[in-house]
Structure formats: C-alpha cells, structure tokens
Amino acid sequence: MNAQDIVNTVSSRLKLDPAVAEKAVGTIFSVLEHESGGVASAGIFTKIAGAGELAHSYDVMAGEDSSSGLVGSLTSLLGASFGEKAGAMVNGIAQLRSLGLDMTQIEQAGETLLLEAKGAAGPQAVSGLVDAVPALKGHFGL
C-alpha cells in the first residue's frame with residue numbers, strides 16, 4: 001500500500017474529487033507528523049510509501065503567517081500556550097475546512113486514513129500514534 005492508495009480510498013468513500021482527497025490526506029499526514037513529534041508517525045511513514053512526501057507537500061506549519069487572519073491569531077495564541085502541537089491541529093483543521101470539508105467529512109477522512117494505515121503499518125503502529133496524539137480521538141472520530 002502507498003499514499004496514493006489511501007488518497008483513492010478517501011476519494012471513493014467520501015465522494016471527493018481526487019485532488020481534494022490528496023490535499024486532505026496530505027494535511028492529515030502532516031498533522032500526524034507534527035502532533036506526534038515525528039516519533040509515533042515514523043512507523044507509519046516508513047511502511048506507507050509516499051506518506052512523508054505527501055505530508056511535506058501539504059505541511060500545516062509551512063509558511064505560517066501568524067500575524068494574518070483569525071486562524072493565524074488563534075494559532076499564535078494556542079502556539080504560545082501549548083506549543084507547535086496545538087498549532088498543527090488548528091492549522092490542519094483550518095486547512096481541511098478551506099477545502100470545503102465539514103467536520104463530519106474531516107472525521108471520516110481521518111478514520112479512513114487511519115484504518116488504511118492500520119492495514120499497511122499494523123495495528124500497533126496506529127495504536128501507538130493514537131496514544132501519542134490523544135487529540136486524534138476528538139478530531140478524527142476515533
């Protein structure tokens with residue numbers, strides 16, 4: 001399994017345009033990488049070809065301009081209080097919402113990605129990731 005397989009599955013299950021599904025999957029991979037500090041996501045990224053590249057293509061922390069807009073203000077405020085992890089989650093949700101996804105679709109995309117990752121990387125790798133990033137349970141419907 002590779003990242004494109006996950007994109008195709010998300011596109012099919014959520015009935016999303018493939019380009020939107022790619023951005024959504026890349027964004028979620030990026031959130032996972034930042035939220036876990038890269039440690040817990042490493043097992044998944046090594047077993048799913050292209051996952052790391054996709055995460056970097058849609059990096060939720062790249063080019064962040066915390067001085068502009070409401071999202072930037074919220075990210076700045078949360079980042080100051082909680083560090084990069086809060087900023088990555090806030091940026092990721094904002095990025096997914098900007099694609100036109102509602103919270104139900106965001107949860108479904110996250111669930112689908114993690115279910116596919118479980119098949120590719122094994123249940124222990126995904127379980128370790130979810131344990132390392134408890135916010136996944138609230139934002140991705142786990």
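Axes here are lines fitted to C-alpha atoms, for helices over the stretch in contact, with angles running from 0 to 180 degrees between N-to-C directions. Welcome to a predicted model, in which local features need pLDDT of at least 70, side-chain atom pairs count only at pLDDT 80 or more, and totals for chains, interfaces and linings use all residues. Residues are numbered from 1 along each chain as its sequence is written, and side-chain values use heavy atoms, leaving out hydrogens and water.

**How α1 and α2 meet**

- Helix α1 (residues 3-14) and helix α2 (residues 18-35) have axes that come within 8 Å and cross at roughly 120 degrees; helices are DSSP runs (H or I, at least four residues) numbered from the N terminus.
- That makes α1 oblique to α2, a term for angles that are not under 35 degrees (roughly parallel), over 145 (roughly antiparallel) or 65 to 115 (roughly perpendicular).
- From α1, Ala 3, Gln 4, Ile 6, Val 7, Val 10 and Ser 11 meet Pro 18, Ala 21, Glu 22, Val 25 and Phe 29 of α2, contact meaning heavy atoms within 4.5 Å.

**Val 25 in α2**

- Val 25 lies in helix α2 and is buried, at a relative accessible area of 1% (buried means under 20%, with a 1.4 Å probe and protein chains only).
- Beyond its neighbours within four places in sequence, Val 25 is in contact with Ile 6, Val 7, Val 10, Leu 54 and Leu 113.
- Val 25 and Leu 113 are 88 residues apart along the chain, yet their C-alpha atoms are separated by 7.1 Å.

**His 34 in α2**

- His 34 also belongs to helix α2, and is buried with a relative accessible area of 17%.

How values were computed:
Helix = DSSP H or I, 4+ residues; strand = E, 2+ residues; numbered from the N terminus. Buried < 20%, exposed > 50% of the residue type's maximum accessible area, 1.4 Å probe, protein only.
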